[in-house]
Amino acid sequence: FDTIFDVRCAQDAGRPPVVCRAAVARADGAAVVVVTFPNGFARTLTLADGEFLRGNPTMSGTGTDTDWRLTDGTYYIRVDDQRFELPARLVFEN
C-alpha cells in the first residue's frame, strides 16, 4: 500500500461513524482503498479519475447499492448500508 490512514466510517445503517483504518494503493489516476472496521471486517473501494466506481461484494451486501459525493475535499461514500468518509488528498496524493 502507498498510504495507511484513519477515516470515519459506519458499518451499519443508522450507526454513528467510528474510526477505521484505510490502506490505499494508487496507479495511473486510480486508487483502491481497503477500509477495515474495528471488528476486522474490511471493504474494498475503487476510485478512478476523481470518481467513486464501486465497492466489492461482501457477506453483508452486493456492493452495487451505492451513492457518493465529493464535498469540501472529502469523499462521502455509501456502499450497501456502510458509510465511508475519505479525504481526497489522502486517496489520490502521490
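What percentage of the 94 residues in the protein is buried? In this predicted model, buried residues come to 36%.

## Fold and overall shape

Going from the N terminus, the elements read β-β-β-β-β-β-β-β-α. That makes 8 strands and 1 helix. The radius of gyration is 12 Å, close to the 12 Å the globule rule gives for 94 residues, so the protein is as compact as a globular protein of that length.

## Surface and charge

The protein exposes about 5,400 Å², and carbon and sulfur atoms supply 50% of that area.

On the charge side, there are 13 negative and 10 positive side chains. The centres of these two sets lie 5 Å apart.

## Two aspartates with positive phi

Now for some backbone detail. D28 is not a glycine, yet its phi is positive, at about 50 degrees. You'll find D28 in the loop between β2 (18-27) and β3 (30-36). Is D28 buried or exposed? With a relative accessible area of 83%, D28 is exposed.

D49 also has a positive phi, near 50 degrees, and is likewise a residue other than glycine. This aspartate sits in the loop between β4 (42-48) and β5 (51-55).

Note on methods. Residues numbered from 1 in each chain as written. Predicted model: local features only at pLDDT ≥ 70, side-chain atom pairs only at ≥ 80, totals over all residues. Heavy atoms only, no water. Helix = DSSP H or I, 4+ residues; strand = E, 2+ residues; numbered from the N terminus. Buried < 20%, exposed > 50% of the residue type's maximum accessible area, 1.4 Å probe, protein only. Rg over C-alpha atoms; globule rule 2.2 N^0.38 Å. Areas by Shrake-Rupley, 256 points an atom, 1.4 Å probe, with all protein chains shown as cover. Lys, Arg positive; Asp, Glu negative; His and termini not counted. Charge placed at Lys NZ, Arg CZ, Asp CG, Glu CD.
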